[in-house]
Every structure is written in structure tokens, then in C-alpha cells.
Amino acid sequence: MDAKVQLSMGTAKQNREKSTFVLNNNTADKNMKNLLTRRTIRKYAEKEVDQQLLNRLMDEAARTQTMGNLQLYSVVVTRSQEMKQRLAPAHFNQPMVTAAPVVLTVCADFHRTTRWCEERKARPGYDNFLS
């Protein structure tokens with residue numbers, strides 16, 4: 001059974017241009033449907049995130065492909081309200097950071113990338129941490 005998914009481009013304040021994709025019932029299309037229909041959650045239930053679930057998500061995320069299989073990032077898991085308050089500026093003081101039961105901060109490891117490139121006699125190709 002095929003499913004039609006509409007993809008909206010732009011922001012809520014702009015006119016939206018819609019594209020329709022026909023997805024089949026195979027694994028690749030199921031994954032694409034998940035990407036095309038995902039939602040951003042900005043309000044959270046006052047409910048703890050189970051540590052076993054969090055461990056599973058982190059384990060699955062660590063298995064994603066990265067350049068040279070280096071996993072060029074670290075993830076900081078924050079549950080403490082005090083630490084979420086201190087961490088908020090790194091998240092541009094977005095209110096959902098302090099409201100969420102757990103915050104995952106993904107930190108790029110440019111030192112590791114640079115070393116990987118240098119060992120291969122290559123230039124990293126970035127000049128600042130916002131690359």
C-alpha cells in the first residue's frame with residue numbers, strides 16, 4: 001500500500017510550498033516517511049525519561065555513520081534542573097531546555113577531526129567552530 005506524504009517548505013509565517021511524495025511500503029520509504037512527517041516538540045510532560053530508553057537511544061545514535069567512523073561528537077546528558085539552567089546559554093536560552101525532563105547537548109569534537117585529517121595529510125577544511 002502506497003502512502004502520500006506532503007512536505008511543507010518554509011516557516012509558519014511564510015506561504016508554504018507543498019511537494020507530494022509517493023512512498024512505498026519498504027524500509028527505505030518507511031524511514032523517509034519518518035523524516036518527512038517528523039514534528040518538533042517544544043512542550044514536555046512532567047514525566048521522567050526512563051534511563052533504559054535513554055541508553056537505547058544513545059546506543060542507536062552511536063551506531064550512525066560518521067566520517068571515518070570517528071563519531072566526531074560527544075553527548076552531554078543533563079537531568080539536573082540547576083545544570084540545565086547553567087547550560088541554557090549554550091542552547092541560546094531556549095525555554096524548552098529548562099522545561100524538558102532531560103537535555104541532550106551534542107558537542108562537535110573538532111580536535112579529533114583535525115587529527116584524523118592531519119594523519120591523512122589532508123586539510124580539515126574549516127576555519128572556525130561554526131563550519
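I began with the count, which comes to four salt bridges, taking a salt bridge as a side-chain nitrogen of Lys or Arg within 4 Å of a carboxyl oxygen of Asp or Glu. I keep in mind that this is a predicted model, in which local features need pLDDT of at least 70, side-chain atom pairs count only at pLDDT 80 or more, and totals for chains, interfaces and linings use all residues. Residues are numbered from 1 along each chain as its sequence is written, and side-chain values use heavy atoms, with hydrogens and water left out.

I looked up E48 and found that it forms a salt bridge with R79, the closest N and O atoms being 3.2 Å apart. E48 lies in the loop between helix 1 (27–36) and helix 2 (51–62), and R79 in the loop between strand 3 (73–78) and helix 3 (81–87), so the pair ties together parts that are 31 residues apart in sequence. Helices (H or I, at least four residues) and strands (E, at least two) are DSSP runs, numbered from the N terminus.

For accessibility I use buried for under 20% relative accessible area, exposed for over 50%, and partly exposed for in between (1.4 Å probe, protein chains only). E48 is exposed at 60%, whereas R79 is partly exposed at 28%.

I then noted the salt bridge between D59 and R63, at 3.4 Å from N to O; D59 is partly exposed at 39%, and R63 is exposed at 63%.

Lastly I looked up R115, whose salt bridge with E119 has its closest N and O atoms 3.2 Å apart. R115 and E119 are four residues apart in helix 5 (residues 110–119), which means that about one helical turn separates them.
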